[in-house]
Amino acid sequence: MAEEINLCCLASVDSTMAEAKRLASCGNAGETTVVTADMQSSGRGRLGRVFDSAPGGVYLSIACRPPCRPSDCVHIPALVALAVKDAVEETSKAVPDLKWPNDLLFRGKKICGLLAEAVHNKDDWFVVIGVGVNVSNKTRASLPNAASLFELTGGAPEPELLAAEIIKKTTAIIKTSAAEKESLLKRYASMCVTIGKRVKIITVTGEFSGIAEGIDNNAALLVRREDGSVETVFSGDVRTEYADE
């Protein structure tokens with residue numbers, strides 16, 4: 001039997017992420033709830049950044065119960081990036097690159113960003129994944145490192161079609177995120193263009209540079225610093241070849 005998904009489709013919302021978290025925190029998310037919107041007035045990305053959310057893009061958030069404990073789910077955002085990459089490939093002319101931790105690039109431009117947060121409700125908990133894809137929306141000149149699929153390829157899928165593929169593939173990969181963790185992370189690593197590159201890592205405590213050598217079993221980035229030591233990076237900004245992507 002197919003899993004029942006609660007779908008909330010909105011013309012406009014402050015943030016699909018905020019709405020999905022509200023539903024999860026008050027016990028109204030069921031097993032899986034998806035919130036989509038044609039536009040967001042306060043869309044946000046990682047590290048508190050604003051995510052431009054003009055009409056024409058795909059903006060959705062998925063709240064679901066993963067098949068593992070919160071401490072065992074830190075690799076899920078990387079797997080969701082893999083699912084979204086597959087969805088973009090199936091519905092468009094683009095074959096995106098994965099940039100650690102969970103951005104999608106095409107021809108060096110960011111076309112998609114993901115955000116993941118946990119919501120606890122008494123003894124229950126959800127992982128909430130936010131996905132924003134630039135489809136046919138016009139990206140702002142003030143964001144030169146971002147572009148839409150239409151701007152890059154001259155064509156774009158219908159946002160509804162892409163959203164449906166993202167929902168299908170994301171919910172499926174989350175459900176197998178524990179049982180197939182090793183093979184999925186191996187596939188992610190094989191497609192991550194950050195690995196093997198010289199990078200600059202910027203975190204709240206400072207910055208350092210080195211070579212990205214791989215990921216561990218939690219999808220953290222392993223960076224060999226200039227002194228030869230290996231740093232395990234769980235979060236932060238990654239600039240490949242010192243270019244601000």
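A pocket here is an open set of grid points with protein on both sides within 12 Å along at least five of seven lines. Keep that in mind as you tour this predicted model.

**Stop 1: the second largest pocket.** About 540 Å³ of space lies in it. Select V74, P77, N102, A116 and F234; of the 25 lining residues, these lie nearest the centre of the second largest pocket. Now colour the lining by residue class. You get 19 nonpolar, four polar and two charged residues. Next, show α2, β6 (109-121) and β7 (124-133), which each supply at least two residues of this lining. The largest share, five residues, comes from β6.

**Stop 2: the α2 and α4 contact.** The crossing is right-handed. Show side chains next. On α2, select residues including I76, L79, V80, A83 and A87; on α4, the partners include L162, I166, K169 and I173. The residues of this contact divide into 13 nonpolar, two polar and four charged.

**Stop 3: the open sheet.** Select five strands and read across in the order β11-β10-β9-β8-β12. The pairing is antiparallel. At the edges sit β11 (230-233) and β12 (237-240), each pairing on one side only. Turn the view along the sheet: the twist averages 40° from one strand to the next.

Zoom in on β8, residues 198-203, where it pairs with β12. How many bridges join these two strands? Four, in the antiparallel sense. Finish on V199, which stands opposite T240 in β12.

Conventions:
Residues numbered from 1 in each chain as written. Predicted model: local features only at pLDDT ≥ 70, side-chain atom pairs only at ≥ 80, totals over all residues. Heavy atoms only, no water. Left-handed = near helix turned anticlockwise from the far one by under 90°. Contact = heavy atoms within 4.5 Å. Nonpolar A, V, L, I, M, F, W, Y, C, P; charged D, E, K, R; others polar. 1 Å grid on protein atoms, 1.4 Å probe; cavity = no way out; pocket = protein on both sides within 12 Å on 5 of 7 lines; lining within 4 Å. Points joined across faces, edges and corners; volume = space filled by probe spheres on them. Pairing = 2+ DSSP bridges. Axes fitted to C-alpha atoms, helices over the stretch in contact; angles between N-to-C directions.
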